[in-house]
Amino acid sequence: ARMGFIALSIGGAFPPRGSGDGKRGATDFRRNSKGGSVSFKGSSAAPSKNASQAPAILKAAYTCAGLGVVGDLLAQTITKRGARKASCAVAAVAVGDQKRGKGSKQPKPTAAASVEQAYDFIRTARQMAYNGLFYGPAQFFWYAGLAKSFPTAVGAALTANLPPFAMKVFLNQAVLGPVVVSTFFLWTMTLQGKAGEYQTKMKKDALPALRRGWAFWIPAASINFALVPLPAQVTYMSACSIVWNYILSTAAASGDASKAHDVVVASAKGGKKR
């Protein structure tokens, strides 16, 4: 009986090897002139598509997770510095008022001077888990799908590649951005036990977060699709996502940050009254 062989090649970031080169994974199917037998050269079995993609998906996941940690810690650091400056400003006003009201008597230190927010590592872990389990793998398939649906010609003029390039940038902001914001808010609110406040959170903070994201991502995505090779796009966008993670982390924690600021101001005012 005759045997037919179907060669499966993987698109996107994993171009297939040329056949018959004798390297690992290469195959060379040859039909002998007599007897209809087939000889094999190279490995006896080619890896499946899923098995071949697994290392790249895993890399996208842990890279995005690690950069999510960096982005969240950056957001918390900037927030802490802002809160510290605000508390010092309020405390200075309180001290000045106290001196003017009580002459040369030394004022007691206010509680605002000693208020210092600790890093919220549970919050960091939430963002790391979201990036590793969803965002990183989703980016892998998203960019591969965009490259397949809107291919660009290598070495062609920018004008020739402008339509697919513009469509990629548009879809990245019109589809991926809202999906990430909505799912990240849902993830965060659910793990905080505040799923019932999700709709309110979306109405209040989703659009401002998207606007900040668009201001950053449109030029960043333009560079990505125009200059960065497909195999490096997830790594590039993950590096850029330090800024995006900062935006997401700040937006997700905006209510908590406001409450913390109110505590600092109230503490300073309490010191002023004493």
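W217 is buried, at a relative accessible area of 6%; buried means under 20% relative accessible area, exposed over 50% and partly exposed in between, with a 1.4 Å probe and protein chains only. The model is predicted: local features need pLDDT of at least 70, side-chain atom pairs count only at pLDDT 80 or more, and totals for chains, interfaces and linings use all residues. Residues are numbered from 1 along each chain as its sequence is written, and side-chain values use heavy atoms, with hydrogens and water left out. The protein chain has six helices and two strands. Helices (H or I, at least four residues) and strands (E, at least two) are DSSP runs, numbered from the N terminus.

**Overall layout**

- Along the sequence, the elements of the protein chain come in the pattern β-β-α-α-α-α-α-α.
- Of the 274 residues in the protein chain, 35% are buried.
- The protein chain exposes about 16,200 Å², and carbon and sulfur atoms supply 64% of that area. Accessible areas come from the Shrake-Rupley method with a 1.4 Å probe; for residues, only the protein chains shown count as cover.
- Among contacts in the protein chain with a separation of 6 or more, 74% are between residues 24 or more positions apart. A contact means heavy atoms within 4.5 Å.

**Confidence**

- The protein chain has a mean pLDDT of 75, and 65% of its residues reach 70 or more. The pLDDT is the predictor's confidence in each residue, from 0 to 100.
- Among the elements, helix α2 (residues 121-149) has the highest mean pLDDT, 94, and strand β2 (residues 38-39) has the lowest, 44.
- The pLDDT is below 50 over residues 37-44, a stretch with 21 contacts in the model beyond near neighbours in sequence.
- Residues 260-269 also have pLDDT below 50, and this stretch has 14 contacts beyond near neighbours in sequence.
- Where pLDDT is low, the predicted coordinates should not be read in detail.

**Aromatic pairs**

- A search of the whole structure finds eight aromatic pairs. Rings of Phe, Tyr and Trp (its six-membered ring) pair if their centres lie within 6.5 Å; planes under 30 degrees apart count as stacked, over 60 as edge-to-face and the rest as tilted.
- Y130 and F184 form an edge-to-face pair, with 5.1 Å from centre to centre and 65° between the planes. Y130 belongs to helix α2 and F184 to helix α3, so their pair ties together parts that are 54 residues apart in sequence. Both Y130 and F184 are buried.
- W217 and W244 form another edge-to-face pair, at 6.4 Å centre to centre and 70° between the planes. W217 lies in helix α4 (residues 198-227) and W244 in helix α5 (residues 233-252), so this pair ties together parts that are 27 residues apart in sequence. W244 counts as buried, at 2% relative accessibility.
- One aromatic cluster is made up of Y130, F134, Y135, F184 and W187.

**Charges over rings**

- The charged end of K80 sits over the ring of Y119, 4.9 Å from the ring centre. A charge sits over a ring if NZ of Lys or CZ of Arg is within 6 Å of the ring centre and within 35 degrees of the ring normal.
- K201 lies over the face of F185, at 5.5 Å from the ring centre.

**Helix α3**

- Helix α3 (residues 158-191) bends by about 35° at P164. The bend at a residue is the angle between axes fitted to the seven residues ending there and the seven starting there.
- After α3 comes G193, whose phi is positive, near 75°.
- L158 is in helix α3 and is exposed, with a relative accessible area of 58%. The C-alpha atoms of L158 and A226 are 8.0 Å apart, although these residues are 68 residues apart in sequence.
- L171 is also in helix α3, and it counts as buried at 19% relative accessibility. L171 touches W142, L146, F150 and L176, not counting residues up to four places away in sequence. Between L171 and L146, the C-alpha distance is 8.8 Å and the separation in sequence is 25 residues.

**Helix α1**

- I57 lies in helix α1 (residues 49-102).
- I57 and G136 are 79 residues apart along the chain, and their C-alpha atoms are separated by 7.7 Å.
- Leaving aside neighbours within four places in sequence, I57 is in contact with P137, F140 and F141.
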